[in-house]
Amino acid sequence: MRVLVVEDEASLRESLRAQLTDAGFNVDVARDGREGLFAGLEYPLDVAVIDLGLPQLSGLEVIRKVRAEHKTYPILILTARDNWQDKVEGLQAGADDYLAKPFHFEELLARLQALLRRAGGWASAELTCGPVTLDTRAQTVRLEGNPVELTTFEYRILEHLMLRAGEVISKAELTERLYDQDFERDSNVIEVLVGRLRRKLDPQERLRPIETLRGRGYRFSLTRETG
Ligand code: CA
């Protein structure tokens, strides 16, 4: 999942970059509102964390402008504690959730995961499609109740596909959202990883959980359970 962090406080920005990277995100950071607006309009993001008090351009302006350009990814704002006006204005500008500083990283992570699930139409942290269950908190996968061992990249691809189960996801989108900018973007790598996921999730080749749509991408095609 690709996340943008717009924060002018260097220590907070860098600690969020490190912790979100550890949590499995591909992280872009911006130091002020102008950089944040550029990244928010140009990068293929899944979610953004935007501080409201920013130099160059305020967080509210950034949010208004990205929403005016029809960017729909969820946005979480960081606000000063006890400033209810900021929260209201942020939500009115198009933010989806807020967190007052100082906060615990675990709370930020839980809120981002919840925003991503809801953006994909899921209500709970466990995503179940047919016999496959993916737990977005524990980052584990079960097949008919039995644990499936996945590498970090295999897990990230599966999470991305299952969060948006039923939708076609292009290879380019998977590559851009999973890898850092400096990582070699080779779509053959995605093919290899998807092939390994298929063998792990469907050793008998009877479920066919991941469809390939020629020239368009992949679709996780097992039926979503409600919840
Ligand atoms: Ca600030």
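These legends describe close-up views of a predicted model.

**View 1**
The protein chain is assigned domain 1 (2-119) and domain 2 (126-225). Their centres, taken over C-alpha atoms, are 26 Å apart. Domain 1 gives 12 residues to the contact, and domain 2 gives 14 residues. Together the two domains bury about 1100 Å². Of that area, 35% is on carbon and sulfur atoms. Between domain 1 and domain 2 there are zero salt bridges.

**View 1. The largest nonpolar core.**
In soluble globular proteins, nonpolar side chains tend to be buried together. The largest nonpolar core here has 50 residues. Leu20, Phe25, Leu108, Val141, Ile157, Leu158 and Phe220 have the most contacts inside this core. Where do its residues come from? Domain 1 (2-119) and domain 2 (126-225) each supply at least three. A second core is separate and has 20 residues. Leu4, Val6, Leu54 and Leu60 are among them.

**View 2. Around Leu20.**
Which residues does Leu20 touch, leaving aside its neighbours within four places in sequence? Val3 and Val5 are in contact with Leu20.

The calcium ion has protein donors from Asp8 (OD), Asp51 (OD) and Gly53 (O). These donors lie 2.2 to 2.4 Å from the ion. Along the chain, their spacing reads D-x42-D-x1-G. Asp8 sits in the loop between strand S1 (2-6) and helix H1 (10-22). Asp51 belongs to strand S3 (residues 47-51). The pair is 43 residues apart, linking distant parts of the chain. Is each aspartate buried or partly exposed? Asp8 has a relative accessible area of 35%, so Asp8 is partly exposed. Asp51 is at 5%, so Asp51 counts as buried.

Side chains of opposite charge can pair when their charged atoms come close. Arg64 and Glu61 form a salt bridge, at 2.9 Å from N to O. Both residues lie in helix H3 (residues 59-68). They are three residues apart, which is about one turn of the helix. Arg64 is partly exposed at 37% relative accessibility. Glu61 is partly exposed too, with a relative accessible area of 29%.

Arg111 pairs with Asp97, and their closest N and O atoms are 2.9 Å apart. For Asp97 the value is 15%, so Asp97 is buried.

Glu126 forms a salt bridge with Arg142. Their closest N and O atoms are 3.5 Å apart. Glu126 lies in strand S6 (residues 126-129), while Arg142 lies in strand S8 (residues 140-143). The two are 16 residues apart and link distant parts of the chain. Glu126 is partly exposed, at 30% relative accessible area. Arg142 is partly exposed as well, at 28%. Elsewhere, salt bridges that share partners join Glu7, Glu9, Asp51 and Lys101 into one network. The salt bridge count comes to 20.

Technical notes. Residues are numbered from 1 along each chain as its sequence is written. This is a predicted model: local features need pLDDT of at least 70, side-chain atom pairs count only at pLDDT 80 or more; totals for chains, interfaces and linings use all residues. Side-chain values use heavy atoms; hydrogens and water are left out. A nonpolar core is a set of buried Ala, Val, Leu, Ile, Met, Phe, Trp, Tyr and Cys residues joined through side-chain atoms within 4.5 Å. Buried means under 20% relative accessible area, exposed over 50%, partly exposed in between (1.4 Å probe, protein chains only). Domain bounds come from an automatic or database domain assignment. Contact means heavy atoms within 4.5 Å. Donors are N, O and S atoms within 2.8 Å of the metal (3.2 Å for Na, K and Ca); water is not among the atoms, so sites may look incomplete. Helices (H or I, at least four residues) and strands (E, at least two) are DSSP runs, numbered from the N terminus. Buried area is the accessible area (1.4 Å probe) that two parts lose on being put together, summed over both. A salt bridge is a side-chain nitrogen of Lys or Arg within 4 Å of a carboxyl oxygen of Asp or Glu.
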